[in-house]
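Welcome, and let us take a walk through this structure together. Have a look at the view below before reading on.

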Amino acid sequence: LDRTWLSLPPEQQMDSKAGFIDMVKNFSRRMLLKSYSLVGIRGDVDFLLWQIAYQPDIFQQFETRMRDTRLGQFLTTPHAYFAQTKRSIYDIPGEEDGDLQRLIIDPGERNYLFVYPFVKTRAWYALDMDVRQRMIDEHIQVGRKFPNIRLNTTYSYGLDDQEFVVAFETDEAGDFLNLVMELRETEASAYTLKDTPTFTCISCSLPE
């Protein structure tokens with residue numbers, strides 16, 4: 001949000017916010033949208049909108065309408081990550097219906113969302129599939145030590161700069177910190193090329 005917006009008279013600020021909220025509500029039947037605040041956490045982002053839809057066109061239409069609002073004139077998008085659900089190519093122990101679960105993004109009501117783009121090294125793809133599966137199994141075992149953290153993995157191959165966008169939902173920020181620390185010690189971590197920037201997002205209704 002451009003800081004010049006803060007110098008507007010209070011009534012103009014209220015009107016611009018109300019118009020923006022109304023615009024979002026008009027898209028409620030076409031996409032699922034969750035809002036999060038990053039004020040005081042990142043210097044380059046004030047809020048994040050997690051948008052979920054069946055077709056990419058809806059995101060473009062949303063952005064176009066947003067720019068037409070009064071508030072939209074004061075907004076920029078410093079980061080945007082586009083990804084799609086897909087069945088995992090790996091076997092997920094204990095998830096017989098895992099394929100179906102991974103095709104659906106259904107955000108919960110957790111306090112925090114941690115989002116970042118993710119890229120593997122080319123050396124990872126040169127490994128035999130059974131070697132990768134073994135390392136993925138270790139990765140999964142670590143993740144299951146933290147049952148209160150929910151992972152949403154989406155795929156960006158050919159759609160955006162990264163290969164994956166991962167979004168973790170939890171009620172305790174410290175639990176996510178501990179999870180990431182443990183994952184750094186797994187064998188698969190050596191094949192991570194990029195996993196930044198990271199966004200720590202606090203769940204917040206759009207009016208809030």
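By class, 30 nonpolar, 12 polar and 7 charged residues make up the lining of the largest pocket. Keep in mind as you look around that this is a predicted model. The largest pocket holds about 1600 Å³ of space. Its lining counts 49 residues, and those closest to the pocket's centre are Leu 49, Trp 50, Gln 51, Phe 59 and Tyr 81. Two or more lining residues come from each of strand 2 (47-52), helix 2, strand 3 (112-120), strand 4 (150-155) and strand 5 (164-170).

Two packed helices are described by the angle between their axes and the distance between the axes. Helix 2 (residues 56-68) packs with helix 1 (residues 10-26) at an angle of about 160 degrees, and their axes are 10 Å apart. Angles over 145 degrees count as roughly antiparallel, so helix 1 and helix 2 are roughly antiparallel to each other. Their crossing is right-handed. On the helix 1 side, Phe 20, Met 23, Val 24 and Asn 26 meet Phe 62, Arg 65 and Met 66 of helix 2. The residues of this contact divide into 5 nonpolar, 1 polar and 1 charged.

Now find helix 5 (residues 129-143) and helix 6 (residues 173-183), whose axes cross at roughly 155 degrees and come within 10 Å. That angle makes helix 5 roughly antiparallel to helix 6. Here too the crossing is right-handed. Helix 5 contributes His 139, Val 142 and Gly 143 to the contact, while helix 6 brings Leu 179, Glu 182 and Leu 183. By class, this contact has 3 nonpolar, 2 polar and 1 charged residues.

Note on methods. Residues are numbered from 1 along each chain as its sequence is written. This is a predicted model: local features need pLDDT of at least 70, side-chain atom pairs count only at pLDDT 80 or more; totals for chains, interfaces and linings use all residues. Side-chain values use heavy atoms; hydrogens and water are left out. Axes are lines fitted to C-alpha atoms, for helices over the stretch in contact, and angles run from 0 to 180 degrees between N-to-C directions. Helices (H or I, at least four residues) and strands (E, at least two) are DSSP runs, numbered from the N terminus. Angles under 35 degrees count as roughly parallel, over 145 as roughly antiparallel, 65 to 115 as roughly perpendicular and the rest as oblique. A crossing is left-handed if the near helix is turned anticlockwise from the far one by less than a right angle, and right-handed if clockwise. Contact means heavy atoms within 4.5 Å. Ala, Val, Leu, Ile, Met, Phe, Trp, Tyr, Cys and Pro count as nonpolar, Asp, Glu, Lys and Arg as charged, and the others, Gly among them, as polar. On a 1 Å grid over the protein atoms alone, a cavity is a set of points where a 1.4 Å probe fits but cannot get out, and a pocket is an open set with protein on both sides within 12 Å along at least five of seven lines; lining residues have an atom within 4 Å of a point. Grid points are joined across faces, edges and corners, and a volume is the space filled by probe spheres set on the points.
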